[in-house]
Amino acid sequence: MRSWRVWAGLLVSLVFIYFALRNQDFGHIWQALREAEYGWLIPAVAVYFLGVMVRSVRWHYLLRAVQDIPPRRLFPIVVIGYMANNILPLRAGEVVRSYALSARFGVSKSSSLATIAIERIFDGLTMLAFIAVASLSVALTGDLWTIALVALLLFPLLMVALIAFVRVAWLRDTLVSLGVRALPGQVAPRVEALAHSFVEGLGILKRRQDLLGVGLTSVLAWLLEASMYLLIAQGFNLDLSPAAVLMVTAVANMATLIP
């Protein structure tokens with residue numbers, strides 16, 4: 001408790017708890033908590049961890065171009081990353097996950113971050129598909145249209161850019177060369193090595209069969225997460241259709257994916 005970091009962390013938490021709870025109807029919240037059927041939490045948590053297992057399988061596919069690690073050995077590292085995402089800002093759990101992978105299996109951190117970048121793009125494309133499916137039953141407001149448009153522009157363009165970066169050798173070499181030249185002499189070799197390591201992590205983009213596995217596991221993982229939302233909604237007696245749950249899943253997660 002003598003560390004200033006502890007007190008800084010508490011202060012930051014209190015500030016954001018204030019923003020989260022201001023203007024809320026606490027009487028209504030308390031009534032909802034009293035009337036909730038908490039038995040629904042058991043299958044909800046089970047479905048959530050099943051989704052994390054599927055994400056471990058997905059990361060296995062993403063890493064195969066670098067190192068073939070079984071999904072069961074990736075599972076605890078994925079859990080560590082999601083834990084860190086829940087308590088650290090700016091999705092820092094992704095960096096924590098890459099460090100944990102490096103410490104346990106010796107995989108380069110930059111290669112690991114490259115696979116996580118592709119993972120996030122597939123997440124964005126999956127959320128975009130969820131919005132498209134849900135919009136057949138749920139009307140899109142102006143804000144939802146804005147989110148969908150940003151996602152439609154951002155994630156496919158990022159995917160195309162990464163594919164070009166990996167497959168077009170002269171483009172990749174030119175970009176790396178230009179970036180390295182702008183750096184001081186002592187730093188340049190290190191950055192160049194990191195860039196090549198990052199490219200190695202993008203090797204999945206040359207493996208069509210593994211890419212198909214990544215796509216299918218992305219959809220399955222997010223369907224399981226949406227199922228968790230639906231089960232919790234049942235516990236609170238919320239009359240939400242599957243389409244509405246898909247929309248909630250997509251919008252809630254786009255809010256963190258896009259930044």
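This is a predicted model: local features need pLDDT of at least 70, side-chain atom pairs count only at pLDDT 80 or more; totals for chains, interfaces and linings use all residues.
Close-up 1. Phenylalanine 16 is exposed, at 55%. An α-helix has 3.6 residues a turn, so residues three or four places apart point the same way. The ring centres of phenylalanine 16 and phenylalanine 19 lie 6.3 Å apart. Their planes meet at 55 degrees, so the pair is tilted. Tyr18 joins Phe16 and Phe19 in a cluster linked by ring pairs.

**Close-up 2. The ring pair of tyrosine 48 and phenylalanine 49.** Here the ring centres are 5.5 Å apart. The planes stand at 85 degrees, so this pair is edge-to-face. The cut-off for that label is over 60 degrees. Tyrosine 48 is partly exposed, with 24% relative accessibility. Phenylalanine 49 is also partly exposed, with a relative accessible area of 38%. A search of the whole structure gives three aromatic pairs.

**Close-up 3. Charged side chains over aromatic rings.** Arginine 55 lies over the face of tryptophan 222. Its distance from the ring centre is 4.4 Å. Lysine 109 places its charged end over the ring of tyrosine 99. That end is 4.9 Å from the ring centre.

**Close-up 4. Helix H5 and its packing.** H5 covers residues 93-105, 13 residues in total. From first C-alpha to last, the helix reaches 18 Å. This is close to the 18 Å expected at 1.5 Å a residue. Buried residues of H5 include Gly93, Glu94, Arg97 and Ser98. Ala100, Leu101, Ser102 and Phe105 are buried too. Glycine 106 follows H5 and has a positive phi, near 75 degrees.

**Close-up 5. The largest pocket and its lining.** The largest pocket holds about 1,100 Å³ of space. It is lined by 36 residues. Closest to its centre are Asn85, Leu88, Leu90, Arg91 and Thr256. Several helices each supply at least two lining residues, among them H1, H3, H4 and H5. Helices H7 (142-167), H10 (208-235) and H11 (242-257) also each supply at least two. H6 gives the most to the lining, with six residues.

Key:
Residues are numbered from 1 along each chain as its sequence is written. Side-chain values use heavy atoms; hydrogens and water are left out. Rings of Phe, Tyr and Trp (its six-membered ring) pair if their centres lie within 6.5 Å; planes under 30 degrees apart count as stacked, over 60 as edge-to-face and the rest as tilted. Buried means under 20% relative accessible area, exposed over 50%, partly exposed in between (1.4 Å probe, protein chains only). A charge sits over a ring if NZ of Lys or CZ of Arg is within 6 Å of the ring centre and within 35 degrees of the ring normal. Helices (H or I, at least four residues) and strands (E, at least two) are DSSP runs, numbered from the N terminus. The expected span of a helix is 1.5 Å times one less than its number of residues. On a 1 Å grid over the protein atoms alone, a cavity is a set of points where a 1.4 Å probe fits but cannot get out, and a pocket is an open set with protein on both sides within 12 Å along at least five of seven lines; lining residues have an atom within 4 Å of a point. Grid points are joined across faces, edges and corners, and a volume is the space filled by probe spheres set on the points.
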